[in-house]
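Dear colleague,

Please find the structure below, together with its sequence. My notes on what was found in it follow directly after.

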Amino acid sequence: MSDIAARFADIVGNANLLTGDAIPEDYSHDEELTHEPQQPAYVAKPQSAEEVAELLKVATDYKVPVTARGSGSGLSGGARPRKDGLLISFERMNRVLEVDTTNQVAVVQPGVTLTELDHATLDAGLSYMVHPGELSSSVGGNVGTNAGGMRAVKYGVARHNVLGLQAVLPTGEIIRTGGKIAKVSTGYDLTQLIVGSEGTLALATEVIVKLHPRLAHSATVLAPFADFDQVMAAVPKVLAAGLVPYILEYIDNMTMAALIHTQNLELGIPDQIRDSCQAYLVVALENRTASRLEEDVETTGELLAELGAVDAYVLEGGSARKLIEAREKAFWTLKAIGADDLIDTVVPRAAMPKFIAAARGLASAAGGAAAGCGHAGDGNVHLAIICKDPDKKKQLMTDIFALAMELGGAISGEHGLGRAKTPYFVELEDPAKVALMRRIKQSFDPAGILNPDVVFAAPD
């Protein structure tokens, strides 16, 4: 065993340090589509913040690059390790430490999955409402990427639901930021700086998340539209009506057809309507009482009809759940139909029709296609890019990202840059902003060991 491996093993124990052929293939990648798996030199499984701190001290001493891993469900390559690097897996730091019903928060370790947190808060009638498409994802991964999901239109993204952190700096210092408090005006907000930093500044070892009451009654309205622009025009009208949907999604006809086929959905939509519509709007509503929910559903159906929907189908119980689950699995469906890359750009809501039409036109001109769905309520567009020529695909992606930024948006709305999108960010972003971010990175991580290929450096 090398000196470095021996020091890592002294910290976590021989059983919790893997090297060489003992490292399973699963640790070599996340779910990003474009990069080959990369086996790390070491995998360490710490059980405490103190062990994480000691691991980072050694990594800093030896200039070993460090990648953090939760569930490995990321879509941008942020958990893909360096071949000479240390992968810190938080699988053993997976405890829900506290469910505080008075302050409506939970204190959890980063390896806790969303499913585990949901079970832990069920009896209290509370829930953590950040629900990206994969519920096996970890809370630490949510923090790293500022994850969002379909419920963000009502409950916000991770940034709005993470109140405090315990985090370890690459120097081995352990800090606490924020707390069980709703606001703070004392110095820099380090919590929000670390959220969304993709493991490049510090590693979260404890997270305080906001909880919300679970509402007993819910229903989903599915509205097909013959014209895609009508879907986009309907979104602000639905939000302005005071209905407060907790899910407001669009799904284009190609993606819906794939979901229906692969997930065996029975939605009760006649074939002639399915064949003629260009896109669907999904409006999910919830309330404390059945009568108020019924009123909101009726109002929603009437409003969508006025806005040009061909019809409005009220899905309750199993049908609604299956549709939402199918939408959450859209990535796997798009992967199965041959997507070559994924885009999760975000633009101002009013710019969505222009952006989507232009992105489709760019894809068609490149000899490919762009199809998908997205969070219509907050402007987050998820597109599967089908373009087999690597050079054409790279230029297409560059053009689509440039278009999003020109319209006032950003390259990633919730997946993060990772190794997959960092080259586009470095090329397209304001150099002054990138330089400022580099100085922040240098302050946190002077040795440059934390996820060095993410945000600033192009992938190897």
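**Surface patches**

A patch of negative charge on the surface is formed by Glu294, Glu295, Glu298, Glu302, Glu306 and Glu316. Please note that this is a predicted model, in which local features need pLDDT of at least 70 and side-chain atom pairs count only at pLDDT 80 or more, while totals for chains, interfaces and linings use all residues. Residues are numbered from 1 along each chain as its sequence is written, and side-chain values use heavy atoms, with hydrogens and water left out.

Patches are made of residues with over 30% relative accessible area and no salt bridge; like charges are joined within 9 Å, and nonpolar side chains (Val, Leu, Ile, Met, Phe, Trp, Tyr) within 5 Å. Lys and Arg count as positive and Asp and Glu as negative, whereas His and the chain ends are not counted. The place of a charge is taken as NZ of Lys, CZ of Arg, CG of Asp or CD of Glu. Accessible areas come from the Shrake-Rupley method with a 1.4 Å probe, and for residues only the protein chains shown count as cover.

Helices (H or I, at least four residues) and strands (E, at least two) are DSSP runs, numbered from the N terminus. Glu294 is exposed, its relative accessible area being 57%. Here buried means under 20% relative accessible area, exposed over 50%, and partly exposed in between (1.4 Å probe, protein chains only).

A nonpolar patch on the surface consists of Tyr188, Leu190 and Leu193, which together have about 340 Å² of accessible area. Tyr188 sits in the loop between E9 and helix H7 (190-194), and is exposed at a relative accessible area of 78%.

**Salt bridges**

There are 19 salt bridges in the structure, a salt bridge being a side-chain nitrogen of Lys or Arg within 4 Å of a carboxyl oxygen of Asp or Glu. As background, side chains of opposite charge can pair when their charged atoms come close.

Which parts of the chain does the pair of Glu249 and Arg327 link? The two side chains form a salt bridge with an N to O distance of 2.8 Å. This pair links distant parts of the chain, with Glu249 in strand E13 (residues 247-252) and Arg327 in helix H12 (residues 317-328), 78 residues apart. Glu249 and Arg327 are both buried.

Arg176 and Glu206 also meet through their side chains in a salt bridge, at 3.0 Å from N to O. Again distant parts of the chain are linked: Arg176 is in strand E9 (residues 174-178) and Glu206 in strand E10 (residues 203-210), 30 residues apart. Arg176 is exposed at 54% relative accessible area, whereas Glu206 counts as buried at 15% relative accessibility.

A network of salt bridges links Arg82, Asp84 and Asp453. Within this group, the closest N and O atoms of Asp84 and Arg82 are 4.0 Å apart. Asp84 is partly exposed, with a relative accessible area of 41%, and Arg82 is partly exposed as well, with a value of 24%.

Two strands pair if DSSP finds at least two bridges between them. Strand E2 (residues 42-44) runs parallel to E4 and is joined to it by three bridges; in this pairing, Ala44 has Ile88 as its bridge partner. Strand E3 (residues 66-69) is also parallel to E4, with four bridges between them, and Thr67 stands opposite Leu87.

**Loops and backbone**

Asp26 lies in the loop between strand E1 (17-19) and E2, and counts as partly exposed at 42% relative accessibility. Asp26 and Gly72 are 46 residues apart in sequence, with their C-alpha atoms 8.2 Å apart in space.

Most residues other than glycine have a negative phi. Val244, which is not a glycine, has a positive phi of about 50 degrees. Val244 is located in the loop between helix H8 (228-240) and E13, and is partly exposed at 45% relative accessibility. Asn264 likewise has a positive phi, near 55 degrees. The loop between helix H9 (253-263) and helix H10 (271-276) holds Asn264, which is exposed with a relative accessible area of 63%.

With kind regards
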